[in-house]
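Visitor: Could you take a close look at one part of this model for me? I would like to see how it is built and what surrounds it.

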Amino acid sequence: MGNDLDPRLTPAQRFGRELARARREAGLSQTRLGTHLGVSSSLIGHIEIGNRNPSLDLAARCDAFFKTDDHFTHLCRNITAPTGPRWFLRWSEEIEPRARVLRCWDPLLVPGLLQTENYARAVFRGGLATSEQKIEDQVSARMRRQLILKRESPPALWALLDEWVLRRPIGGREVMYEQLDHLTAVAGWQNVKVQIVPHDTFCVAGLMSGFALAELPDAPTTVSIESSGAGEVSTEHTLASFIWDRYDRIRAEALRPSESLEMIKEARDQWKQQT
């Protein structure tokens with residue numbers, strides 16, 4: 001199997017690239033490979049471009065057919081391997097994908113759902129990751145999270161950011177320009193609203209920590225609160241009401257979306273001038 005795959009690929013894309021490589025080297029069409037593996041050619045096609053996740057059973061059949069030991073099985077396990085603290089996995093894997101509306105407040109960083117790969121990489125590189133591969137796994141997991149914003153029926157996202165998030169040099173000038181250029185584009189999506197809280201606001205409700213709220217179609221509002229050492233995901237009514245109140249107080253101090261977009265563009269252009 002090849003070893004020159006782009007490390008920025010998601011685990012699903014990595015599996016798909018390897019499957020396509022093995023299939024072509026064997027001189028098989030997607031239809032013929034599907035026949036050998038007992039699946040449709042359509043499924044093979046979707047897996048090869050990373051749109052569908054393979055099952056462990058299918059990965060094992062690939063290893064048996066191509067005589068690749070446990071190569072595909074290992075790649076498949078990487079797709080579903082948990083990445084991040086256990087408390088946050090409940091949010092990212094169980095709550096966020098089912099949300100109808102997401103609201104978040106971030107006083108320090110661009111929220112994960114709106115980060116570029118290079119910005120996310122800089123954030124993780126400054127964290128507790130022990131290797132470059134671990135960093136790339138975390139970046140891939142973050143990029144996979146963002147797919148919920150591009151699906152056919154995406155959740156609405158209301159993101160509140162402190163103005164200093166636009167000024168803080170995460171990853172350097174080029175990374176910040178790229179990130180704010182991306183934020184400018186995303187802020188124009190129909191399902192995304194970004195509002196900036198000016199740095200000179202007197203509101204102190206947002207100085208405690210970042211948080212997120214998820215409105216679900218079939219469950220109580222769920223909150224995620226993160227601190228420097230730990231975090232919490234809860235549906236407890238008193239806590240959810242408290243965070244709702246804090247969110248409303250912060251949003252009352254925020255600029256309107258159109259004004260926020262102008263501030264983002266201004267900050268982006270300032271970073272470009274410095275590159």
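**The sheet and its surroundings**

Guide: Start with strand β1 (residues 101–106), which runs parallel to strand β2 (residues 156–162) and is joined to it by 6 bridges. The model is predicted, so local features need pLDDT of at least 70, side-chain atom pairs count only at pLDDT 80 or more, and totals for chains, interfaces and linings use all residues. Residues are numbered from 1 along each chain as its sequence is written, and side-chain values use heavy atoms, without hydrogens or water.

Some terms first. Strands (E, at least two residues) and helices (H or I, at least four) are DSSP runs, numbered from the N terminus. Two strands pair if DSSP finds at least two bridges between them. Strands of a sheet pair through backbone hydrogen bonds, either parallel or antiparallel.

Now look along β1. Arg-103 stands opposite Trp-158 in β2. Cys-104 is buried, at 9% relative accessibility. Buried means under 20% relative accessible area, exposed over 50%, and partly exposed in between (1.4 Å probe, protein chains only).

Move across to β2. Of its 7 residues, 5 are buried, so β2 is largely enclosed by the rest of the structure. β2 also pairs with β3, in the parallel sense, over 6 bridges. Here Leu-160 has Gln-195 in β3 as its bridge partner.

Step back to the whole sheet. It is open, has 6 strands in the order β3-β2-β1-β4-β5-β6, and its pairing is mixed. At the edges stand β3 (192–197) and β6 (231–234); each has a single partner strand, so one side of each is left without a neighbour in the sheet. On average, neighbouring strands are turned by 10 degrees against each other, direction ignored. Those angles are taken between axes, which are lines fitted to C-alpha atoms (for helices over the stretch in contact); they run from 0 to 180 degrees between N-to-C directions.

What is packed around the sheet? In soluble globular proteins, nonpolar side chains tend to be buried together. A nonpolar core is a set of buried Ala, Val, Leu, Ile, Met, Phe, Trp, Tyr and Cys residues joined through side-chain atoms within 4.5 Å. The largest core here has 37 residues, and Leu-114 and Val-194 touch the most other members. Strands β1, β2, β3 and β4 (210–215) are among the elements that each supply at least two residues of this core.

Leaving aside neighbours within four places in sequence, Leu-114 is in contact (heavy atoms within 4.5 Å) with residues including Leu-157, Ala-159, Leu-183 and Val-194. Apart from this core lies another, of 19 residues, among them Phe-15, Cys-62, Phe-66 and Cys-76.

Check the cysteines next. A disulfide is a pair of cysteine sulfur atoms within 2.5 Å. By this rule the count is 0. Cys-76 is in no disulfide; the nearest cysteine sulfur belongs to Cys-62, 9.1 Å away. Cys-76 is buried, with a relative accessible area of 3%.

Lys-67 lies between α4 (56–66) and α5 (71–80). Lys-67 is exposed, at 72% relative accessible area. Asp-69 is in the loop between α4 and α5, and Asp-69 is exposed, with a relative accessible area of 72%. Most residues other than glycine have a negative phi. Phi of Lys-67, however, is positive, near 55 degrees. Asp-69 also has a positive phi, near 55 degrees.
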